[in-house]
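Please read this briefing alongside the sequence and the coordinates. The points are grouped by topic, so that each can be checked against the structure in turn.

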Amino acid sequence: MRRPSILTAALLALPLSFVGIFFVLPLLGAVATSFGLPQFSIDSYRRLVDVGVYRSVFAKTIRVAFETTAISLLLGYPTACFVASLRPRLRTMAVGLIALPFMLSVLVRNYVWMALLQDTGIINNWLRSWGLADQPIRLMYNELGVVIAMVNMLVPYIIFPVLSSLLAIPPDLRTASASLGAGRFETFLRVTLPLTGSGIAAGCLLTFIVALGFYITPAMLGGSGQMMIASLIAFNVREVLNWPFAFALATSLLASTIVLYYAYRVVAPRGVALKAA
Amino acid sequence: MGTSVTRRTMMRSVAAAAAAVAAPAIIRSPARAAEELVFVGFGGAYQEGQTKAFFEPFERETGIKIVQTTGVELAKLRAQVQSKNIEWDLISLPDRLRYTAQHDGLLEKLDYGRLDTRDLLPETVSDFCVGGITFATQLTYNKQALPAGEPGTWADFWDTAKFPGRRGLFNGPVNTLEFALLADGVPKDKLYPIDVPRAFKSLDKLKRDAVWWTQFPQAGQMLQSKEIAMTPWTRGPGLILDGQPIGVSFEGAAISYEGWVIPRGSRKFDAAMKFIAFALQPARQAELTKYVVFGPTNRKAFPLVDPKVAALLASAPENFKKGFLVSGDWWGPNLTKVTEQFTEWRLK
């Protein structure tokens with residue numbers, strides 16, 4: 001088995017050095033800048049802890065990301081089950097439809113949600129013309145609007161990993177389960193669900209991490225209380241050029257994501273832990 | 001950060017040495033290098049206007065070609081200056097960014113021996129930057145959303161009983177706090193230094209009716225769909241000239257400017273200075289108003305502007321009197337702190 005391992009190393013060298021040069025090195029540079037190198041200082045981190053507003057924005061960011069992930073899972077899992085049950089040709093079409101929104105720019109999709117959700121928007125106009133509401137219902141400028149749009153953008157991140165783990169389950173297992181006397185619900189609970197655990201975990205992790213970085217959507221569809229950490233990072237990078245502080249915010253966000261991930265691995269039942277991290 | 005001459009000259013020679021070995025200099029032949037200036041702008045109709053009013057005639061007159069790119073970002077400018085690989089030679093920089101760029105040593109000092117500043121708005125002339133256009137963030141409203149009458153002042157903007165309807169506000173403290181103080185009765189000439197607690201107290205009264213926007217087109221979309229009745233905005237005059245039912249007031253408008261700057265270490269300093277002198281001429285500035293509704297900084301440009309457009313320009317004398325000039329020098333050092341307070345206030 002020596003030759004393949006040399007071959008593997010050679011094949012891996014290019015992508016690994018790409019990731020090393022264009023991702024790991026700059027990331028280390030950002031972490032170093034956050035500590036004020038070449039002079040070592042933790043001023044940026046101290047400010048982050050001392051000024052209360054950064055803590056509350058951190059908490060808000062994690063909360064919105066968590067809500068988005070939970071709702072995406074609730075909507076995405078059944079969707080994946082449905083798509084998995086389709087015949088191959090229909091399934092390809094369904095996958096294409098789910099991926100279609102990725103072709104649109106995030107900004108355009110935010111404007112679409114604004115046109116739908118605002119007080120003078122399409123949904124409120126329908127509700128009024130059907131007599132279901134006298135006053136417009138507040139669907140945006142609050143957390144609801146932000147979560148609706150974020151779920152719309154992130155639900156494919158749940159659907160695709162879950163779908164691939166569903167398709168990997170041999171159909172025989174379900175037949176076996178049925179022959180042992182389990183009903184459809186019990187089969188789902190004891191066979192399908194555990195076997196899609198890694199898909200769920202991968203999907204949730206992806207959704208959560210991508211959600212942490214959102215800021216245009218909360219800024220456009222949120223109200224005065226919706227503020228995400230990414231907008232503070234952008235402000236410090238682009239407007240006031242305080243890069244040590246911006247990178248301290250970014251490093252903290254990365255660190256808390258890693259902590260959350262390991263906490264999740266400890267708490268999660270064995271089968272549900274992410275296998276291919 | 002200091003801006004000593006010795007350090008700058010040193011930086012320039014270092015940059016020149018670096019440029020001699022850097023790849024971009026090899027790709028661009030030295031003979032052509034002297035005949036090109038790289039301009040970075042904000043794109044869109046504005047940059048098309050700049051092309052017609054400045055770049056094309058400058059090229060015809062001097063033979064110096066203006067290579068255009070878009071995406072003005074201080075972060076990119078800083079990266080270029082730090083790595084001594086200067087890609088941009090000319091920027092038209094908003095005053096608010098000008099302060100930070102100057103403070104962080106990202107700009108060259110201009111050579112005023114080569115510029116005629118006699119007729120320029122004196123407030124827009126400083127060591128590192130010379131004003132090229134003015135614009136106003138002004139009370140802008142949808143006439144159709146306000147059947148009871150048209151607002152004229154920031155006190156009217158704050159008066160939701162007399163003028164019902166949601167208020168759009170820019171999601172940031174710059175200008176927002178000034179408007180809050182004007183609404184609360186602070187005179188225009190007493191705005192700076194800003195009384196931040198008083199401004200937030202005034203904003204408290206509007207919090208329930210406020211809709212925060214971050215993107216300039218977003219405010220226009222909300223105004224036109226009557227989602228908001230009024231907002232401070234910069235692009236009202238353009239819509240009025242298009243015949244839209246939009247109204248603007250210059251009373252208490254926040255007037256600011258964009259100025260020509262040269263990145264520190266630019267190898268084309270001389271050509272860039274030549275361009276700036278060219279672009280400050282009255283005829284050039286007046287020409288720009290045919291494409292975008294931004295005011296000239298040169299007093300002598302006004303007689304050359306279409307009167308219909310001139311009435312909507314921030315630097316037209318009768319409008320300029322009604323507004324106030326935003327102090328980039330106050331905001332520069334205070335922006336971080338006040339933005340923290342603004343975020344805190346928003347989350348409350």
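Predicted model: local features only at pLDDT ≥ 70, side-chain atom pairs only at ≥ 80, totals over all residues.

Chain A holds 13 helices and 0 strands, whereas chain B is assigned a domain 1 (5-133 + 257-314) and a domain 2 (135-256 + 325-347).

**Chain A**

- From the N terminus on, the elements of chain A run α-α-α-α-α-α-α-α-α-α-α-α-α, in keeping with its 13 helices and 0 strands.
- Along its principal axes the C-alpha trace of chain A spans about 75 × 70 × 35 Å, and of the 277 residues of this chain 29% count as buried.
- Among the contacts in chain A with a separation of 6 or more, 73% are accounted for by residues 24 or more positions apart.

**Contact between chain A and chain B**

- The contact between the chains takes 21 residues from chain A and 25 residues from chain B.
- On the side of chain A that touches chain B, the elements giving two or more residues are helix H3 (52-85), helix H11 (216-221) and helix H12 (229-239) of chain A, and the largest share, 4 residues, comes from H12(A).
- By residue class, this side of chain A divides into 12 nonpolar, 6 polar and 3 charged residues.

**Domains of chain B**

- The C-alpha centres of domain 1 of chain B and domain 2 of chain B lie 30 Å apart, and the contact between these domains takes 16 residues from each of them.
- Helix H6 (residues 95-103) of chain B supplies 6 residues, the largest share of the side of domain 1 of chain B that touches domain 2 of chain B.
- That side of domain 1 of chain B divides into 9 nonpolar, 3 polar and 4 charged residues.

**Strand S3 of chain B and its partners**

- Strand S3 (residues 90-94) of chain B is mostly covered, with 4 of its 5 residues buried.
- Strand S1 (residues 36-41) of chain B runs parallel to S3(B) and is joined to it by 2 bridges; within this pairing, B:Leu90 in S3(B) is the bridge partner of B:Phe39.
- Strand S9 (residues 246-261) of chain B runs antiparallel to S3(B), with 4 bridges joining the two, and here B:Trp260 in S9(B) is the bridge partner of B:Ser92.

**Helices H8 and H9 of chain B**

- Helix H8 (residues 176-183) of chain B is largely enclosed by the rest of the structure, because 8 of its 8 residues are buried; among them are B:Thr176, B:Glu178 and B:Phe179.
- The buried residues of H8(B) pack against helix H7 (154-158), strand S6 (167-170), helix H9 (196-204), strand S8 (230-233) and S9 of chain B.
- Just after H8(B), B:Gly185 takes a positive phi of about 100 degrees.
- In H9(B), the buried residues are B:Ala199, B:Ser202 and B:Leu203; seen down the axis of H9(B), these buried residues fall within an arc of 100 degrees, so they line one face of the helix.
- An α-helix has 3.6 residues a turn, so residues three or four places apart point the same way.
- The face of H9(B) turned away from its buried side carries the exposed residues B:Pro197 and B:Asp204, while what covers the buried residues of H9(B) includes H8 of chain B.

Technical notes. Residues numbered from 1 in each chain as written. Chains lettered and ligands numbered in written order. Domains from an automatic or database assignment. Contact = placed C-beta atoms within 7 Å. Nonpolar A, V, L, I, M, F, W, Y, C, P; charged D, E, K, R; others polar. Buried ≥ 20, exposed ≤ 12 C-beta atoms within 10 Å, placed from the backbone. Pairing = 2+ DSSP bridges. Arc of directions from axis to C-beta.
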